[in-house]
Amino acid sequence: MIVPAKTYFKVWGALLVLLLITIGAAFLDLGPFNLPFALLIAFTKAALIVLIFMHIKGSNPLLHLAAGAGLLWLAIMLVLTMNDYLTRNNITWLPK
Amino acid sequence: MSRSPLVAEQFEELEQQHLADQFGMWIFLATEVMFFGGLFTCYTVYRFLSPEVFAHASHHLGLVLGGINTGVLLCSSLTMALALRSIQLGRRGATIWLLLATCIFGIAFLGIKGYEYHEKYVEHLIPGSRFHYDGPSPNRAQMFFWLYFAMTGLHGLHVLIGVCVLSTVAILVARRRIRQENYMAVEVAGLYWHFVDIVWVFLYPLLYLAGARG
Amino acid sequence: MSKTESYLDESSLQSWLLTTDHKRIGLLYLFTILVFFFIAAVAALLMRLNLLSPHGWIVNADTYNKLFTLHGVLMVWFFLIPSIPAVLGNFVLPLMLGARDVAFPRLNLMSWYIFISGGLLALWALIHGGVDTGWTFYTPYSSTYSNTHVITMAMGVFIAGFSSIITGLNFIVTIHKLRAPGLTWTRLPLFVWSMYATSLILVLATPVLAITLGLISLERFWGVGVFDPRLGGDPVLFQHLFWFYSHPAVYIMILPGMGVISELIPCFSRKQIFGYKWVAASSLAIAILGFVVWGHHMFVASQSVYAGIVFSFLSFLVSVPSGIKVFNWTATLRKGSITFETPMLYALGFIGLFTVGGLTGLFLAALAADVHLTDTYFVIAHFHYIMVGGMVMGFMGGLHYWWPKISGRMYPEFAGKMAAIITYVGFNLAFFPQFILGFMGMPRRYHDYPPEFQWLNVLSTAGVSILGVGYLLPLLYFLWSTKWGERASANPWRATGLEWQAASPPPKHNFPVVPRVTKPPYTYQAEQDQFTPQSELAHV
């Protein structure tokens, strides 16, 4: 699969724009939404890199399986670990 | 039965081998996601436990320098993608230049990182006996900086390895060992390089933008 | 008839050390893991001899700690995890798929060198005084307070972990891309399904072990780290990361054994497996569910009660696919034409012993019961029933089953049966008393104990001695058979898999012509004493 150079340049441009948005947003006080917003942009950048630069778009579904599995398993580790921390009370060992 | 000499004996056809190579690299990248994932889990836990400390400590990281570094890696992904395209089209010269450009971006990234590390050393923000933090909860802040060094250090190691791999690939292209007919080594190295870029795309907001800079 | 060359013909050292032949690499792994098994077994023997007396008469507490650490580290990472995958999997998988080799043969060889590098580091740590943290390396003892060679041992395991990852990666790509024409997913032997499921775990879990061992090493080296309570670090976070890997790891240490049993039961009851799709699916279910239960190792570690409830529920769920397998094996036996060759003895032993081990796991999955049973000998008995009564019996069964294929020789059948029976008796005598000891309250990892526990400890030690004989015998007669064993035909068990279409032992590239598969596996018919191989090959 040979992708046109133009497509690569367009994605690169989009990535740089997203980077500038990320930096700009850091100077706004969005309360608790600063980090989720920055992460949302990070996910968008990652998706562009995976789909276009790494050729997932249009490739054999077998590769999608491997890419998805890594992400899913990371999610399992994060969710079930945080499941413990989010439900603890009386955290007496936390230094103030 | 005519077999291309480029096909290893355990495979039947080139296309089968190509897909196997790509699949193998994607599985490896999944393992890398889990490898870095352990550190991301530590970060998530401690950030959840003291968000203000992380936000405050994050202000000590140079937002602009980190942003430039992010841009550097994004450019390197462009040159890497173009390098793969070049060898797919049989353009040996362009491939080599683009691979070298990718390496140079990688080295620039490491250079800026090194400068940042030096800054932290001067500011006494490297965890350990010489750590000194002016602000609330110095212990938790030290945890932030420990994670900063561990995550960017592991990432930097991967960038270094990537630079070595890509320069080796460039040499093999120069020697015509890798050509248009067997370009898969470039694709597979490229997948690794893009992955390293993606890790940084997440590290940047988590570490440098953990708190608003308004 | 042309001369049949065998993969064993070339005998130079170089041809072995630089081989990319999956069959030779399987044998290289076999010799290596036997060395580690022997060292770890000696450690176990010393521990059990020490436990003959309530007062710790052979070793002191510190040495005892080093012995159980050594036993755990070597048995888990340098024997059990590589055992079936890296030995039998490497040897048999390509043959079962009708392939000439695995997808990445040079990576395969590299995985063996990485394995022995890790092993050498572990041995270095052992020689220089050992490690006393337990194979679980709990923080902050391992990261801050222990005065033993933790970093070296951790790095040895870290390195060996990469060999697991490479093996798993190789197997996944091989199973996807190198199946012979006609070998669809639903015609795959169940051993292949279990190797696939095992490989998923190898690939997705092991990297987390790697980063965790890296973190405790950095913490020891640097003097500060993420588990350090002085920085507000949580030592229990280590346990989350460690068990995220180590629970799925225990499925690495049983799934391959289950895969072997799924080959043996149909063959030696001359009957189609009952519920093929259910057995295949249960392998995948065990692998996937195995990733969401790790907190059951942390019920009393100050994990939140709510998280404990979730993990307890999920742990009950993961027993279901294992139960399905046991039911299906048993249903396969029903109305079969059963014979009791040595591999079948091991298979039948596996079913019984694994069932005991699995059921006692449910005791431990129940939150309230676990508060009493955790960190006692009940846990030790539970996991030895699965890992030794299950996995090692599966390994022995598979080794005997495929020995003709590997060596071209038959092992002596009477000696084989004797060893299997001695193993079974010795094992039960060694480990059943430990259930009782644990329930009565004897804690694990103690070099001494209250005198009222002595008689059960003596029984257990006696059992271990008998078990040792059961393991020594095959070592001796397998070696004997390479010179004096009866020469084996291509298919001495009259089995249906593709591996039995290759010569015993196979030539270097396995099949002169790529086989074409037309049948599902296990088409045995007891009444007519017939069986249909998965493919018909033109014979060499």
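The following paragraphs describe the chains of a predicted model, and then the places where they touch.

Residues are counted from 1 along each chain as its sequence is written, and chains are lettered from A and ligands numbered from 1 in the order in which they are written. Because the model is predicted, local features need pLDDT of at least 70 and side-chain atom pairs count only at pLDDT 80 or more, whereas totals for chains, interfaces and linings use all residues.

The C-alpha trace of chain C spans about 75 × 45 × 45 Å along its principal axes. A compact globule of 540 residues would have a radius of gyration near 24 Å, and the 23 Å found for chain C agrees with this; the radius is taken over C-alpha atoms, and the globule rule is 2.2 Å times the number of residues to the power 0.38. Of the 540 residues of chain C, 59% are buried. A residue is called buried if 20 or more other C-beta atoms lie within 10 Å of its own, exposed if 12 or fewer, and partly exposed in between, with C-beta atoms placed from the backbone. Among contacts in chain C between residues at least 6 apart in sequence, 84% join residues at least 24 apart; a contact requires C-beta atoms, placed from the backbone, within 7 Å.

Several local features of chain C deserve a look. Helix H15 (residues 413–440) of chain C has 28 residues and should span 40 Å at 1.5 Å a residue, in agreement with the 41 Å between its end C-alpha atoms; the expected span is 1.5 Å times one less than the number of residues. Gly441(C), with a positive phi near 110°, follows H15(C). A cis peptide bond links Thr139(C) to Pro140(C), with omega about -5°, and Pro140(C) sits in the loop between helix H4 (105–127) and helix H5 (141–145) of chain C. Another cis peptide bond links Ser504(C) to Pro505(C), with omega about -10°. Pro505(C) lies in the loop between helix H16 (454–484) and strand S1 (523–525) of chain C, and Arg494(C) is also in the loop between H16 and S1 of chain C. Arg494(C) is not a glycine, yet has a positive phi of about 50°; it counts as partly exposed because it has 14 C-beta neighbours inside 10 Å.

Chain B has 6 helices and 0 strands. Its C-alpha trace spans about 75 × 30 × 30 Å along the principal axes, and 51% of its 214 residues are buried. Chain A, in turn, is divided into domain 1 (1–58) and domain 2 (61–89), with bounds from an automatic or database domain assignment. The C-alpha centres of these two domains of chain A lie 22 Å apart.

How do the chains meet? In chain B, 40 residues are in contact with 42 residues of chain A. H1(B) gives the largest share of the side of chain B that touches chain A, 15 residues. By class, this side of chain B has 25 nonpolar, 12 polar and 3 charged residues. Here Ala, Val, Leu, Ile, Met, Phe, Trp, Tyr, Cys and Pro count as nonpolar, Asp, Glu, Lys and Arg as charged, and the others, Gly among them, as polar. Elsewhere, 33 residues of chain C are in contact with 28 residues of chain B. H7(C) supplies the largest share of the side of chain C that touches chain B, 9 residues.

Definitions and conventions: Two residues are in contact if their C-beta atoms, placed from the backbone, lie within 7 Å. Helices (H or I, at least four residues) and strands (E, at least two) are DSSP runs, numbered from the N terminus.
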